[in-house]
Amino acid sequence: MLTIIHSEEYIMWIGSIGLVAATKDVPNAETDNLVQASILRNGKEIRVLNLDYADVDDHERGDSRSYNYSGPAKLPRRNDLTPELPPGIGMIPMPYPGYGFEFSQGLSGHLQIQLRINGDDMWIKDNIDLYVKFIRLRATSFDTLAWLEDTAWTYIASWTQDVALSTDDKEGVTTWTLNLG
């Protein structure tokens, strides 16, 4: 008989996501089309993030751009296995932070990033690097706990396979999924 004990050691809350997207340094690798990164948990989309700065030509040949998403506006709370409290009910501390993505079984095998291009102007992905800031329940005094986001980024993974993305199937694929673990 197998007994599985659920341990809170594996429950992770991500409060910030940092993606570094590098464009291959070859002719015609750059794009002017919007590239998006969908964050998936166990194959289900929980948020779409634009790899785009309004005032920057984002995906130029040989360039590497950093995109940081944090706080409740960018990463609203998306519970996994931790149930939501009923309306009007509170706890001190709350069983979850005010924002972020829960990965109850850890990241490996559960977190995926799906890249999507929105147009037929091909982009050749060189590297994608993932960094996160975890939110952890920490002591703020001898008798008080609070959810606090890490101050430093934690490196999670790099995906280095070159992939051509385009809605024109003669140039590449429209989506490409990056699997962790």
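These legends accompany several close-up views of one predicted model.

**Figure 1. How confident is the predictor along the chain?** Across this predicted model, the average pLDDT of the chain is 92, and 94% of the residues score at least 70. Residues 1-8 are a stretch to treat with care, with a pLDDT below 50. Beyond near neighbours in sequence, residues 1-8 have two contacts in the model. Where pLDDT is low, the predicted coordinates should not be read in detail.

**Figure 2. Four strands form an open sheet.** Follow the strands across the sheet and you meet them in the order S3-S2-S6-S11, with antiparallel pairing. At the edges lie S3 (44-51) and S11 (175-179), each of which pairs on one side only. From one strand to the next, the twist averages 25°. Strands of a sheet pair through backbone hydrogen bonds, either parallel or antiparallel.

**Figure 3. A hairpin links S2 and S3.** Here two residues lie between the strands of the hairpin. One to look for in the turn is Asn-42, which has a positive phi of about 50°. S2 and S3 run antiparallel and are paired over seven bridges.

Figure 4. Is strand S2 buried or exposed? Seven of its seven residues are buried, so S2 is largely enclosed by the rest of the structure. Val-35, Ala-37, Ile-39 and Arg-41 point one way from the strand, while Gln-36, Ser-38 and Leu-40 point the other way.

Figure 5. Seven bridges join S2 (residues 35-41) to S6 (residues 111-117), and the two strands run antiparallel. S6 is mostly covered, with six of its seven residues buried.

**Figure 6. Nonpolar residues gather in a core.** The largest nonpolar core holds 31 residues. Those with the most contacts inside this core are Ile-17, Leu-19, Leu-51, Ile-113 and Leu-115. Strand S7 (residues 123-141) supplies the largest share, five residues. In soluble globular proteins, nonpolar side chains tend to be buried together.

**Figure 7. A closer look at Ile-17.** Which residues does Ile-17 contact, leaving aside its neighbours within four places in sequence? Among them are Ile-39, Leu-49, Tyr-67, Phe-101, Leu-130 and Trp-153.

Note on methods. Residues are numbered from 1 along each chain as its sequence is written. This is a predicted model: local features need pLDDT of at least 70, side-chain atom pairs count only at pLDDT 80 or more; totals for chains, interfaces and linings use all residues. Side-chain values use heavy atoms; hydrogens and water are left out. Two strands pair if DSSP finds at least two bridges between them. Axes are lines fitted to C-alpha atoms, for helices over the stretch in contact, and angles run from 0 to 180 degrees between N-to-C directions. A nonpolar core is a set of buried Ala, Val, Leu, Ile, Met, Phe, Trp, Tyr and Cys residues joined through side-chain atoms within 4.5 Å. Buried means under 20% relative accessible area, exposed over 50%, partly exposed in between (1.4 Å probe, protein chains only). Contact means heavy atoms within 4.5 Å. pLDDT is the predictor's confidence in each residue, from 0 to 100.
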